[in-house]
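Q: I have a new structure open and I'd like to learn how to read it, feature by feature. Could you take me through it?

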Amino acid sequence: MRRPVPIQRLTGLAGAGRSRLLIGSVAVRSVLALGFVFVGYLLLHERFAAFDVAVAQVVLGALGLETETVGPSDLVVTGGEDFNVYAIVTGTCSSAAGALGIAGVTVFLLPGRAWRRLVGGGLAVALFVAFNVVRICSILLLGWWLATAGTGLAVVSLAVPLITCAAVAASGRVGLPSRIAALLAGGLLAVLLYGVVRGFDYSAGMVSYHALAGPVLTFGTLAVSLIVLWRAIVGAEPQPAAALS
Amino acid sequence: MGTLYNAVMAVALLLLAWGFAQFVLWYRWGTAELESALRRPPAPQHRYHLVFLIPCLNEEAVIGETVNAIRELAPDATVVVVDDASADQTRKLATGAGAMVVRRELPAAQKGKGPALNRGFQSVTTLARRRRLDPYRTIVCVMDADGRLSPNAIPVALERFDDPRVGGVQLPVRIRNKGSFLARMQDLEFWGMSAIAQMARVRTRSVSLGGNGQFTRLAALDSVGPCPWSDALTEDLDLGLELTLRGWELDCASAGWVSQQGVETLRALLRQRTRWYQGHMLCARKSRILWESPVVPRRTALETIVYLVSPSFVMLPWSIAFTLGLAAVAAHIAGAGPIPLDGVEANLGLYAAFWYLLTFLPPVVMALLYARRSEDEDVVGSFAKGHALVFYAYVNMAAGWCALTRIALRRDTWAKTVRVVEVADLERAA
């Protein structure tokens, strides 16, 4: 049998009646973390947007599209005769919110050794920024595809994954989170397909994708980044025996 | 103004992602634990001596039936009722049902649930010494006066103590009086969501102890001291933290449950939740020592801290962001400005359908899963309640703000939750 750890009861912290501060350090740290995100966004969102544009320009260039910056966060993207887009990466589109959120949580809220938090926070921020650039590029690549592929090919390229998503959503063999994800992805594909079939311009498809998938992908990626951060702070630790059984 | 709004939404994005990450982990781990628990048939447990501890203050409406129900399930167990100077027939009914009653008298009595439990604990330790019970094989189960255990609750809880590191085991909680809409929503909240979260926390050994269906090893309680329960508003949560700080692990008996009465008016619900949040926020002050403790595994500490900071870090700020978002949509519908989405003119119906799915699908799915685990809930009803859950969250948000206000005003006195006589109990007594 195990032996209890001989420590004194933490009486100074136990009672509600003995509360001296508002709600102690957790509330203060929460306010600091969220205040950091709020103020940081107001001050830095344009810089983040400019950074994202610079990275996106490199990626799009590597994929064969012609790019030209016309402002700190404005980009003209050209792909052949049919595709010419003036793209503006706004503060909300940039990685400002996510990167500042991870930084705020890392610095002000979460416990742990400084180097672990720095490594975890750095990894999470890098992951989020990378994915955000991919998301921005994917909007432009979708527009390029809708503009250049032709209606028939565009319909097929949207209908096939739509049917797949519908099948996954209706299947009883896959997990519930996968079915929900498939349903949401299928909904997005249905919106895009509707636009193509109705003969809308490629820019309508880009707008739909941006408005619908953008926020979901952004908070989903931020959630993944936070899990990466949590794991980095915990470090490699063997699972308790009871959990493994 | 637009940038200011976007900055608020940046904060909202972080909160949404934080909650989503927690939800994904809880869902994955919780459902896996539930399936695993249901596959294991409970074995009869004869190795443990079980002591039930029931603090009571004016519980004549329920105490007799509660003791009877316990004695049916565990005839060999000792039932200790702590009568906290009740003015009604609590003592007589408990004694008549076969319980050992410990009476507290005013002015020492009626100082809260924690002190009442500590008085009962003194009797339990005396009893254990007299009977020479092994404190590692003596399990103390704290029950509310209106608590009812599922038929398998005792074996599935006791078998968790076969792991010598386990100091406490909590049963998932259900609401019994589901006649009213409000009580049914509480059952959805407890049984449909909180129970899954508790099961998930088995993975990190950071299950929260509740005040009902709380099994604790006597040796673990002894390690906390002669008065294991504090005078904190959530003395159950506080005890769990104290056990964790002493290196004990906390587990959940996922295959069983304990039921209790739900509150039936909005006012009472708000008051109950305000007390819980106030206690929860005050317990969050132990986050730092939890992390710095050399005996608490990192993942246990981190998960507990994430849980402890949730009201102040997630729920309260989210209530502002969520309300602002709703106001923006309402303003658009009223024609006051542009909707905060791009390109809506293209196909409003599809956009609306997509955002409807995103907002309501997760709670509806949770409600449908709840219906599968509840014998008296149908698909149509759970579908509707899944929608209502989005707005029911406002009760907790309001309670969170009330709790914060009370902390700021240093108000910490509370009246206990009122019980009602249940029809089933009356029929059974007749």
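A: Happy to. One idea to start with: two strands pair if DSSP finds at least two bridges between them. Keep in mind too that this is a predicted model.

Q: Then which residue stands opposite Gln170(B)?
A: That's Gln214(B), in strand 8 of chain B. Three bridges join strand 6 (residues 166-170) of chain B to strand 8 (residues 214-217), and the two strands run antiparallel.

Q: What order do the strands of that sheet take in chain B?
A: Reading across, you get 3-2-1-4-8-6-9, an open sheet of seven strands with mixed pairing. Strand 3 (100-103) and strand 9 (249-252) of chain B are the edge strands, each pairing on one side only. From one strand to the next, the twist averages 25°.

Q: What should I look for in the backbone angles?
A: Asn58(B) isn't a glycine, yet its phi is positive, about 55°. You'll find Asn58(B) in the loop between strand 1 (49-56) and helix 2 (63-73) of chain B. Arg205(B) is another non-glycine with a positive phi, near 55°, and its loop runs between helix 6 (181-200) and strand 8 of chain B.

Q: Is Arg205(B) buried or exposed, and why?
A: Count neighbours: 20 or more other C-beta atoms within 10 Å make a residue buried. Arg205(B) has 25, so it's buried. Asn58(B) counts as partly exposed because it has 19 C-beta neighbours inside 10 Å.

Q: And where is there a cis peptide bond?
A: Look between Leu106(B) and Pro107(B), where omega is about 10°. Pro107(B) sits in the loop between strand 3 and helix 4 (113-130) of chain B.

Q: How do I describe two helices packed together?
A: Two packed helices are described by the angle between their axes and the distance between the axes. The crossing is left-handed. On the helix 11 side, the contact is made by Pro311(B), Met315(B), Leu316(B) and Ser319(B). Helix 13 of chain B brings Asn396(B), Met397(B), Gly400(B), Trp401(B) and Leu404(B). Sort the residues of this contact and you get six nonpolar, three polar and no charged.

Q: Now chain A: how many helices and strands does it have?
A: Eight helices and three strands. From the N terminus on, they run α-α-β-β-β-α-α-α-α-α-α. Of the 245 residues in chain A, 41% are buried.

Q: What can I read from a single helix there?
A: In general, an α-helix has 3.6 residues a turn, so residues three or four places apart point the same way. Helix 6 (residues 176-197) of chain A has 22 residues and reaches 31 Å from first C-alpha to last, close to the 32 Å expected. Its buried residues include Leu184(A), Leu188(A), Leu192(A) and Val196(A). After helix 6 of chain A comes Gly199(A), with a positive phi near 80°.

Methods: Residues are numbered from 1 along each chain as its sequence is written. Chains are lettered from A and ligands numbered from 1 in the order in which they are written. This is a predicted model: local features need pLDDT of at least 70, side-chain atom pairs count only at pLDDT 80 or more; totals for chains, interfaces and linings use all residues. Helices (H or I, at least four residues) and strands (E, at least two) are DSSP runs, numbered from the N terminus. The expected span of a helix is 1.5 Å times one less than its number of residues. A residue is buried if 20 or more other C-beta atoms lie within 10 Å of its own, exposed if 12 or fewer, and partly exposed in between; C-beta atoms are placed from the backbone. Axes are lines fitted to C-alpha atoms, for helices over the stretch in contact, and angles run from 0 to 180 degrees between N-to-C directions. A crossing is left-handed if the near helix is turned anticlockwise from the far one by less than a right angle, and right-handed if clockwise. Two residues are in contact if their C-beta atoms, placed from the backbone, lie within 7 Å. Ala, Val, Leu, Ile, Met, Phe, Trp, Tyr, Cys and Pro count as nonpolar, Asp, Glu, Lys and Arg as charged, and the others, Gly among them, as polar.
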